[in-house]
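Subject: Structure for your review

Dear colleague,

Please find below the structure that I am handing over to you.

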Amino acid sequence: MNLFINGYNIFLIVIVGFFTTMILTPVVRKIAIMIGAVDKPDHKRKVHDIPIPSMGGLAIFASFLLGYLIFAPRTTQMIPILIGAFIIILTGMIDDIHPLKAHEKLIGEIASALVVTVFGGISINSIQIFGHILNFGILSYPLAILFIVAIMNAIDLADGLDGLAAGTTAIYFITIAVIGYIMSELGGLNVILCLILAGSCLGFLLYNFSPATIFMGDTGSLFLGYIISVIALLGFKTATLTSLIIPILILFVPIIDTILAMERRLIKGKSIGSADREHLHHQLLKATKSTTKTVIIMYVINGLFSLVSIFYTLGFKKVSIILYLILLAIFLILIFTTDILFEHKKDSNNEN
């Protein structure tokens, strides 16, 4: 059993990411307080009752950089990836200090996506479906940009409860690393980055799990969404249906929650960039009355989709598809028993 990458044990890579973030997060917390990067209570869209320092994603990013310098091979492709990361980190930091409007934040998201796709050559030129190759031609870069921006916003919207985004992304990184091991691709850049970030997110959870003493802020959620999308696209010059769909299925819950949020706001005549407290995790919070219970339920749901993805990679394709469909059915039932799209009549009557 080979557990080494470039001469380093894979658990060492995770441990370095973990302890680096664990050490840096209290430092970033003090900096956040000093510069005013504090998330203040807002009962229309937030659930915390006291001001909480934000910008904790800066510790995750610093840990990521250190891990990359120590463990990852130097490639020219990483230069635009890092430049795009710096752009999105800067966008997130500005937003954490002085909240940006949705379209202003979108400019930073598109800029980072443009850098990594155009200069990094990360795109979806074609996809192989059942033995047939579908070429995207001039749409290869726009599709990649759309994918990157969409995942950034999905993770950003998932960052609504203590520990939710950090735990969800940690599950993603661990799953991709396991899949990389199964496929004998431990030496791949995407797997190395996943191991570093899995440790980083888990280290941040020490301070971010309920009751949180620091939030990752947009600095963290946008960066994690950015790097998740880049990892999913790395090496996908000619993607197979499996290689492209599995990362999406692992992030099924935050992606669907984002789509429902956009639909909900359009139904209510609001901007799709407006904030609310009607996301899936908010709906579960209404039922459980506990942030910890809600977050654990979300972990379990995401974990189940991840486990099925691992089973699929192991070759149990028919069983995995059946399990995916069962999970999807349960998830849809859960959605339609909440107010995630429409307010139930009895709730409207109570408000009146």
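Helix α8 comprises 17 residues and spans 25 Å from its first C-alpha to its last, close to the 24 Å expected at 1.5 Å a residue. Please note that this is a predicted model. Because 17 of the 17 residues of α8 are buried, the helix is largely enclosed by the rest of the structure.

As a general background, nonpolar side chains tend to be buried together in soluble globular proteins. Setting aside residues up to four places away in sequence, Phe223 touches Ile60, Phe61, Phe64, Ala85, Ile88, Ile89, Leu197 and Asp218.

Aromatic rings also deserve attention. The structure contains ten aromatic pairs. One of them joins Tyr172 and Phe173 in an edge-to-face arrangement, with 5.7 Å from centre to centre and 75° between the planes. Tyr172 and Phe173 are both buried.

With regard to cysteines, the number of disulfides is zero. Cys194 counts as buried because its relative accessible area is 0%, below the 20% limit. Cys201 is likewise buried, at 0% relative accessibility.

Several points concern the backbone. In general, most residues other than glycine have a negative phi, and most peptide bonds are trans. Lys289 is placed in the loop between α11 (280-288) and α12 (291-314). Lys289 counts as exposed because its relative accessibility of 69% is over the 50% limit.

The peptide bond between Ser210 and Pro211 is cis, with an omega of about -5°. Pro211 is part of the loop that runs between α7 (189-208) and α8 (217-233).

Asn208 is located in helix α7 and is buried, with a relative accessible area of 2%. Apart from its neighbours within four places in sequence, Asn208 is in contact with Asp162, Gly163, Ala166, Ile214, Phe215 and Met216. Ser123 sits in the loop between α4 (102-119) and β5 (126-129), where Ser123 is buried at a relative accessible area of 2%. The side chain of Ser123 makes a polar contact of 2.9 Å with the side chain of Asn125.

Yours sincerely

Notes:
Residues are numbered from 1 along each chain as its sequence is written. This is a predicted model: local features need pLDDT of at least 70, side-chain atom pairs count only at pLDDT 80 or more; totals for chains, interfaces and linings use all residues. Side-chain values use heavy atoms; hydrogens and water are left out. Helices (H or I, at least four residues) and strands (E, at least two) are DSSP runs, numbered from the N terminus. Buried means under 20% relative accessible area, exposed over 50%, partly exposed in between (1.4 Å probe, protein chains only). Contact means heavy atoms within 4.5 Å. A disulfide is a pair of cysteine sulfur atoms within 2.5 Å. The expected span of a helix is 1.5 Å times one less than its number of residues. A polar contact is a pair of N or O atoms within 3.5 Å; within protein, one must be able to donate a hydrogen and the other to accept it, and residues adjacent in sequence count only if both atoms are side-chain atoms. Rings of Phe, Tyr and Trp (its six-membered ring) pair if their centres lie within 6.5 Å; planes under 30 degrees apart count as stacked, over 60 as edge-to-face and the rest as tilted.
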